[in-house]
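Trainee: I am new to this structure. Can we walk through its contacts step by step?

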Amino acid sequence: MVNPALVDPATIRATVAEAWIRGHPLLRTYRTLYAQALDDADPGYVGGFGVFRHTARPATPADTDAVTPDNDTLPSQAWLDLRAEPWVLSVPAQDRYHVFAVHELDALHAGLIGSRTTGQDAGDYLVAGPDWQGEPPPGLKGVIRTATRLVALVGHTRLTGNTPADLAALRAVQEQYRLRPLHEYAGTPAPAPAPAPEPVWPVWRDEVLESVEFLTFLDFLLGFFPLTDGLPPAETGLRGRLTDLGIDGRGEFEPAVLPLEVRAEFDRGIADGRARLTRALAELRYSAQLFGTREQLGADFLRQAVAAELGPYGLPAEEVWYGRWAADSEGRRPPNASDRDHVIRFAPDALPPARFFWSATVYALPDHRLVDNTLDRYSVGGHTPGLVRDADGGLTLYVQHKRPANADHSANWLPAPDGPFAVVLRIHGPEDSVLDGRWQPPPLTPR
């Protein structure tokens, strides 16, 4: 119940607006968690917590359960409930680029395992939640500690060629990724299972994001996100203001009992929060710095909300640098391929500087889905066979709806929808010149 001392409408409205922005990544995460780990009637259900779902083929326009899907790697995803004990991830030795990120409930990542950070050798890695006080057993190559009790484990393994042989080889690697609860790994007695939450897991509905019920879900999810040392002052300060509004992580917030005048301020705050996010999305040019650790982004709630809207499980810039052409060089936002063609031209010796690989992918707006086309081509990059260089050694990508008549242009065709679109550039293992801004992507230019 709202604290009677907190009746100033401006105070309530401002707090709720900030809470909507801050809570957006948590609810977006729960939306996916509910479908994959809790709702056994959902087509995306993987079997509960601690179960891997490996994608065995590249994404296509028919895949609508992910936002801005990556078409260059195949994902492996699992959900971990860390309340009873930690879990151990085991990875095999391999030559392929791979990375596993441990994403907390607000989609920030607690640690990375993979080619860039831990190497290509086999290893076992412990993932422990905020309540665990034990000692890691011997033999582990690393320990990742999380601030939340529920986490997503999201892996990416590089697809080097979309052929049956390569898909089979990649699948064999995926089958060697293994998850075990700590007691199974260490050969010790199993701990008591974590109790069912009270109240029970709330049933997800997309309309929750638009109503005051948003805060009911946030109140529930904060129960899996305790206040601990190391959280930024912005987090602890907002939690205090939310407690004054009856949102304290116990899952007991009930908007139906709010006085009408107070409920109106809650509604205005939610509208303010959504408007802030809409403006931030409209002003976004590049998305390279949207993803990271709590130390990097933990106090920037708006940036986290933008990331959650575009795709909550992005990687930090040092792992994958994300560039986004959301407008053309003449200022049209978003660009539109229904009435004009576009090019992206990389000058000689100015291709994206990548330690591993790079690609550019077109997404149809507003849903950020892959674009159906006659070539079944959804991205172009350094690995794409048959690309034709310009006479001076540069590389031009032709971003348009219809296949170019010119054979050289057709070889470099990046199919666009018959309407608005965005292009996302991914640089896996970016060089320092990308991270410090010395290298910049070229413009998206209308023809």
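**Contacts in the model**

Mentor: Aspartate 106 is buried, with a relative accessible area of 1%. Buried means under 20% relative accessible area, exposed over 50%, and partly exposed in between, with a 1.4 Å probe and protein chains only. This is a predicted model: local features need pLDDT of at least 70, side-chain atom pairs count only at pLDDT 80 or more, while totals for chains, interfaces and linings use all residues. Residues are numbered from 1 along each chain as its sequence is written, and side-chain values use heavy atoms, with hydrogens and water left out.

Trainee: Which side chain meets aspartate 106 in a salt bridge?

Mentor: A salt bridge is a side-chain nitrogen of Lys or Arg within 4 Å of a carboxyl oxygen of Asp or Glu. Here the N to O distance is 2.7 Å, and the partner of aspartate 106 is arginine 22.

Trainee: Is arginine 22 buried or exposed?

Mentor: Its relative accessibility is 3%. Therefore arginine 22 counts as buried.

Trainee: How many residues apart in sequence are the parts tied together by arginine 22 and glutamate 235?

Mentor: The two side chains meet in a salt bridge, 2.8 Å from N to O. Helices (H or I, at least four residues) and strands (E, at least two) are DSSP runs, numbered from the N terminus. Arginine 22 lies in helix 1 and glutamate 235 in helix 5 (residues 233–244), so the parts tied together are apart by 213 residues.

Trainee: Which residues are linked in a network of salt bridges?

Mentor: Arginine 22 bridges to aspartate 106 and also to glutamate 235. The network holds Arg22, Glu104, Asp106, Glu235, Arg239 and Arg294.

Trainee: Now the rings. Why does the pair of tryptophan 20 and phenylalanine 214 count as it does?

Mentor: Rings of Phe, Tyr and Trp (its six-membered ring) pair if their centres lie within 6.5 Å; planes under 30 degrees apart count as stacked, over 60 as edge-to-face and the rest as tilted. The structure holds 19 aromatic pairs. In this one the centres are 5.6 Å apart and the planes at 25°, so the pair is stacked.

Trainee: What are the rings of phenylalanine 100 and tyrosine 177 as a pair?

Mentor: Their centres are 4.7 Å apart. Their planes stand at 85°, so the pair is edge-to-face.

Trainee: Is tyrosine 177 buried or exposed?

Mentor: Phenylalanine 100 is buried, at 1% relative accessible area. Tyrosine 177 has 5% relative accessibility, so tyrosine 177 counts as buried.
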